[in-house]
Amino acid sequence: MLLNLVIGDIQRGIDAAERHLKQLQILYGSLPETRCHCNRPGACCMFLPQMTWMEAIQWFQYLIDLPVTERETLVRKFLTFFLSNPARRDHCPFLDDDGGCGNYALRPFACRAYGMWSLKWGRQQTGQSREGKKALVAMWRRYGIELPEETATREIDYCDQVTVSGNAPPSDDRLMKHLSRIHQLDDAQSELKHRFEEGYQSDFSALMASLVWGPLKANLNKYAVIKDMVQKGSDARLKKLLTKATDPF
Ligand code: SF4
């Protein structure tokens with residue numbers, strides 16, 4: 001089965017998603033609000049959040065509705081994230097300079113629930129993520145590239161400085177049920193969801209790069225950029241690719 005997605009697929013997804021995007025907002029709205037009390041706002045936004053297909057669709061809708069120059073800036077930020085991660089420290093393209101979220105109303109469930117999970121659950125997830133990053137370092141090593149360990153495996157400890165509005169945070173069990181209902185919204189577009197998950201590992205930046213360059217060229221570009229960064233300390237290729245990149249919408 002074809003796994004890559006093209007602009008026509010994204011538009012098809014958006015056209016059929018109106019009801020499900022409303023349901024997504026209702027599900028978001030039934031979560032309590034959180035407040036961050038640490039002195040490093042935005043530190044937990046170092047990476048792109050995990051997201052479902054419907055959550056990706058609402059980000060695409062957001063991008064398409066932006067004025068062209070704003071969209072081009074954001075597209076380049078996503079391409080930068082895709083091409084340079086994990087060779088250098090970066091952050092979610094929506095992170096503002098002051099540490100706030102530039103797309104707060106449409107932040108995915110992963111961002112909304114961060115800090116609501118129990119410390120035990122959160123620390124388990126952090127541990128799994130660290131192991132995943134070690135596997136990533138090993139994979140790049142097989143391609144002959146030794147990633148900078150401290151950058152490639154960095155992962156902040158699960159935050160214990162988040163408070164939840166209302167009496168008590170939802171239990172892990174309740175949060176899992178909530179997440180499951182969000183995942184179920186994708187069932188209405190199961191073929192597109194499958195391609196997003198299998199073709200791009202649900203990575204919005206990888207899909208964006210694929211829309212701009214095609215899937216093969218996107219990965220070859222990434223390999224060449226990471227190699228230059230790690231082995232020559234140069235981001236000249238990254239800058240050149242970004243200058244030439246065109247708005248896929
Ligand atoms: S979407 Fe917003 S809250 Fe989520 S990681 Fe990006 S900047 Fe942070």
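**Close-up views of the predicted model**

View 1. Helices are DSSP runs of H or I of at least four residues, numbered from the N terminus. Helix H4 (residues 68-84) and helix H12 (residues 236-244) pack at about 150 degrees, with axes 10 Å apart; axes are lines fitted to C-alpha atoms over the stretch in contact, and angles run from 0 to 180 degrees between N-to-C directions. Arg-76, Leu-79, Thr-80, Leu-83 and Ser-84 of H4 meet Leu-238, Leu-241 and Leu-242 of H12 (contact: C-beta atoms, placed from the backbone, within 7 Å).

The model is predicted: local features need pLDDT of at least 70 and side-chain atom pairs pLDDT 80 or more, while totals for chains, interfaces and linings use all residues. Residues are numbered from 1 along each chain as its sequence is written.

**View 2. One side of helix H9 (residues 190-200) holds the buried residues Leu-192, Lys-193, Phe-196 and Tyr-200.** They are on the same side because they cover an arc of only 105 degrees around the axis, taken from the directions from the helix axis to the C-beta atoms. On the other side, Ser-190, Glu-191 and Glu-198 are exposed. Buried means 20 or more other C-beta atoms within 10 Å of the residue's own, exposed 12 or fewer. Helices H1 (7-15), H3 (53-65) and H10 (204-213) are among the elements covering the buried residues.

**View 3. Gln-201 follows H9.** The phi of Gln-201 is positive, near 50 degrees.

Terms used:
Helices (H or I, at least four residues) and strands (E, at least two) are DSSP runs, numbered from the N terminus. Two residues are in contact if their C-beta atoms, placed from the backbone, lie within 7 Å.
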